[in-house]
Amino acid sequence: MIAETGLQHPIQVLKTGNSTRLVAGAHRLRAFPILGRADIPAMVYEPETDKPELELRLAEIVENVGRRELSAIDRAASIVELQRVYRDLHGERRGGDRKSGKSKAQSLHFWSIGDNIAAKMNLSKRTIFAAAEMYEGLSPASRARVAGSPYAENHVQLRDLSKLDASQQAKALDLMLGEAPKAKRVADALAIIEKRPKAKTDHDKT
């Protein structure tokens, strides 16, 4: 692709003193010598804080999420880590959102990263909040179970699953996963667990 259309995005490196460290673009960097090219365009970051390793990790996560090659569950995990790294670098905003009545925890989800970081990932802060809320609502066991399943790509079902407690999540996944699943949606699994009729979808009604 580089040979045909040129380099679309420079590699990114972090400069500390006289040394540089690759942040993003390992495949691009390997491609250039294969093409017989000695130099490659690069964007150079110089540390803004006394925590260059955290800055490096922040840039790596932003690059990974921005490429949109992650599943819904992996993207949410990356966003939660990004929020933690950003807070370690820049501190937390205190208090809740008085206008909307959001709790302190919800406010931190919304505002724990800067506008420039959200823009680089092409995500709104509302999307970031929803992904983080979903991920943290899932138990560690549920995260592990859905990671290799078709539901890893389904944000709606992951969101619905995250609203259940850990015990209900386990029971719902028992019904949704396996060779002969008894439910395709969290709502259907919950109906089975609670021994009530399944909710009809628009498709069922027609």
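Which residues in α8 meet which residues in α10? Before getting there, a word on ground rules: this is a predicted model, where local features need pLDDT of at least 70, side-chain atom pairs count only at pLDDT 80 or more, and totals for chains, interfaces and linings use all residues. Residues are numbered from 1 along each chain as its sequence is written, and side-chain values use heavy atoms, with hydrogens and water left out.

Now the answer: Ser-142, Arg-145 and Val-146 of α8 meet Gln-169, Ala-170, Leu-173 and Asp-174 of α10, with contact meaning heavy atoms within 4.5 Å. Helices here are DSSP runs (H or I, at least four residues), numbered from the N terminus. By class, this contact has 3 nonpolar, 2 polar and 2 charged residues (Ala, Val, Leu, Ile, Met, Phe, Trp, Tyr, Cys and Pro count as nonpolar, Asp, Glu, Lys and Arg as charged, the others, Gly among them, as polar).

As for geometry, the axes of α8 (residues 140-147) and α10 come within 9 Å and cross at roughly 20°. That makes α8 roughly parallel to α10, a label for angles under 35 degrees. Axes are lines fitted to C-alpha atoms, for helices over the stretch in contact, and angles run from 0 to 180 degrees between N-to-C directions.

On to the inside. The largest nonpolar core has 38 residues, and Ile-73, Met-121 and Leu-161 have the most contacts inside it. Such a core is a set of buried Ala, Val, Leu, Ile, Met, Phe, Trp, Tyr and Cys residues joined through side-chain atoms within 4.5 Å, buried being under 20% relative accessible area (1.4 Å probe, protein chains only). Its largest share, 9 residues, comes from α4.

How values were computed: Buried < 20%, exposed > 50% of the residue type's maximum accessible area, 1.4 Å probe, protein only. Helix = DSSP H or I, 4+ residues; strand = E, 2+ residues; numbered from the N terminus. Parallel < 35°, antiparallel > 145°, perpendicular 65-115°, else oblique.
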